[in-house]
Amino acid sequence: MGKNRSFPHPIMISCTREQPWCAQARRTTNLGHYKRKILNVHLINKKDIATDKEATPVKADIIPFPARYSTRDSLPVVNISGLYHPNPSVQRSTAGRIGEIAMANGFLYIEKHGVSRALINAVYEQAQCFFDCDLATKSQYYIGRAPNHRGYVPTTEKGDYADEQGPRRYEAFDMGVDHPADDPDFLLGNPLMGPNVWPKLPGFQYILGRYLKEMSRITNVMCGAFEQVLGLDSGFFASHMDRPISQLRLLHYLENKNTGAADTGVNMGAHTDYECFTILHSQTPSLQVLDLDSNWIDAPPIDNTFYFNIGDMLEAWSGGLFVATPHRVVNSGDERFSLPYFAATNFDTIVSPVHVAKYADKQKDYAPIVAGEHLLNNMLRDFPYLRRQYEAGLLNMGDIKPGDNPFESRMMSTLNV
Ligand SMILES: [Fe+2]
């Protein structure tokens with residue numbers, strides 16, 4: 001793989017929605033030229049570990065749920081402006097409140113986050129404009145043809161969630177941190193690194209670029225709060241996040257008012273998020289969160305807030321003090337958009353519990369996890385195109401293999417499947 005590999009020019013696309021700024025002349029893509037050969041590369045320093053290319057599912061030990069309080073009542077809302085306050089005691093008290101909730105159920109709303117409503121609206125407009133394009137146009141950006149995990153995810157790219165029955169009814173557009181095209185790990189074939197694919201819609205790259213910066217800003221702020229709660233040095237998390245594998249998804253749930261008998265009503269299957277935490281915006285109900293008593297409770301959107309939830313990595317890092325709580329999206333029948341941003345570490349960050357003297361009696365052992373491997377393991381479950389690459393021996397980095405997610409296995413008895 002030469003260093004001079006060029007990234008494709010953006011593709012001009014047209015939308016079916018009648019908006020003058022969507023009407024673009026289509027031109028030929030060069031995405032088809034991506035016939036890369038992903039070399040047998042170990043991106044992390046584990047040269048002595050043989051990668052098993054046979055897609056043998058791994059039966060992982062189930063990690064029991066950390067102790068939690070019931071979430072049967074509505075999820076809490078936290079004003080995070082205190083994290084910016086010049087008075088350290090206000091910062092500490094806000095961080096403490098976030099920590100309490102992270103330890104209780106790992107799911108909350110955050111308000112006073114500083115992201116402008118105009119920017120959020122503009123992101124929804126861009127998402128709607130893109131998803132309104134015809135399938136042939138969107139498919140020019142098909143993620144399976146991109147050089148990394150960036151681009152359009154059609155409904156046919158159905159993952160293997162046990163409780164997702166029938167045809168998939170949502171599509172997505174996946175982005176990440178916009179790493180440079182000469183990123184060394186991208187050039188070595190790491191699908192989680194490298195530049196974004198930008199649809200040639202007016203304003204798309206600018207608006208989504210701004211939104212990504214805002215998500216990165218909130219990530220830093222929330223990491224500061226968790227450092228306080230865990231008694232870590234300021235900048236501890238940032239030191240593992242200078243080349244993060246964070247991702248932003250634009251999700252579009254299709255209108256679906258004719259559910260059949262075989263339809264369980266679950267639209268996106270129950271899962272935990274694989275990264276440190278997720279900052280999610282949606283304007284439409286349908287999200288549900290699993291509570292301590294294994295009840296699915298509704299988590300409707302609240303104006304001027306983001307959802308915020310702990311993911312697998314932060315649960316492990318905190319030694320189980322924080323909880324990666326399962327959640328799912330049920331079918332309301334209505335069209336729905338949502339914007340999850342998955343805040344992650346660098347690919348090769350090895351996550352293992354930090355010692356927290358104050359909570360030492362509550363902490364548990366977690367086996368060390370390479371963050372990028374954990375993410376890819378689960379993406380092999382979620383993305384058929386990645387499985388095909390893996391089974392063809394084209395995806396060989398670190399110790400990745402499809403298998404159970406021990407953070408999710410603990411909820412399987414609640415799924416009635
Ligand atoms: Fe999620």
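**Exercise 1.** State which elements cover the buried residues of helix H1.

*Solution.* The cover includes strand S1 (77-79), strand S2 (107-111), H5 and strand S10 (305-310), where contact requires C-beta atoms, placed from the backbone, within 7 Å. Helices (H or I, at least four residues) and strands (E, at least two) are DSSP runs, numbered from the N terminus. The model is predicted: local features need pLDDT of at least 70, side-chain atom pairs count only at pLDDT 80 or more, and totals for chains, interfaces and linings use all residues. Residues are numbered from 1 along each chain as its sequence is written. The buried residues of H1 are Thr94, Ala95, Ile98, Ile101, Ala102, Met103 and Ala104; buried denotes 20 or more other C-beta atoms within 10 Å of a residue's own, exposed 12 or fewer, and partly exposed the range in between.

**Exercise 2.** Describe how H2 and H5 pack.

*Solution.* Helix H2 (residues 117-131) and helix H5 (residues 204-230) pack at about 130°, with axes 10 Å apart. H2 and H5 are therefore oblique to each other (under 35 degrees is roughly parallel, over 145 roughly antiparallel, 65 to 115 roughly perpendicular, the rest oblique). On the H2 side, Leu119, Ala122, Val123 and Gln126 make the contact, meeting residues of H5 including Phe204 and Tyr211. The residues of this contact divide into 7 nonpolar, 1 polar and 2 charged.

**Exercise 3.** Locate lysine 112 and characterise its phi.

*Solution.* Lysine 112 lies in the loop between S2 and H2. Although not a glycine, lysine 112 has a positive phi of about 55°. Lysine 112 is partly exposed, with 15 other C-beta atoms within 10 Å.

Note on methods:
Axes are lines fitted to C-alpha atoms, for helices over the stretch in contact, and angles run from 0 to 180 degrees between N-to-C directions. Two residues are in contact if their C-beta atoms, placed from the backbone, lie within 7 Å. Ala, Val, Leu, Ile, Met, Phe, Trp, Tyr, Cys and Pro count as nonpolar, Asp, Glu, Lys and Arg as charged, and the others, Gly among them, as polar.
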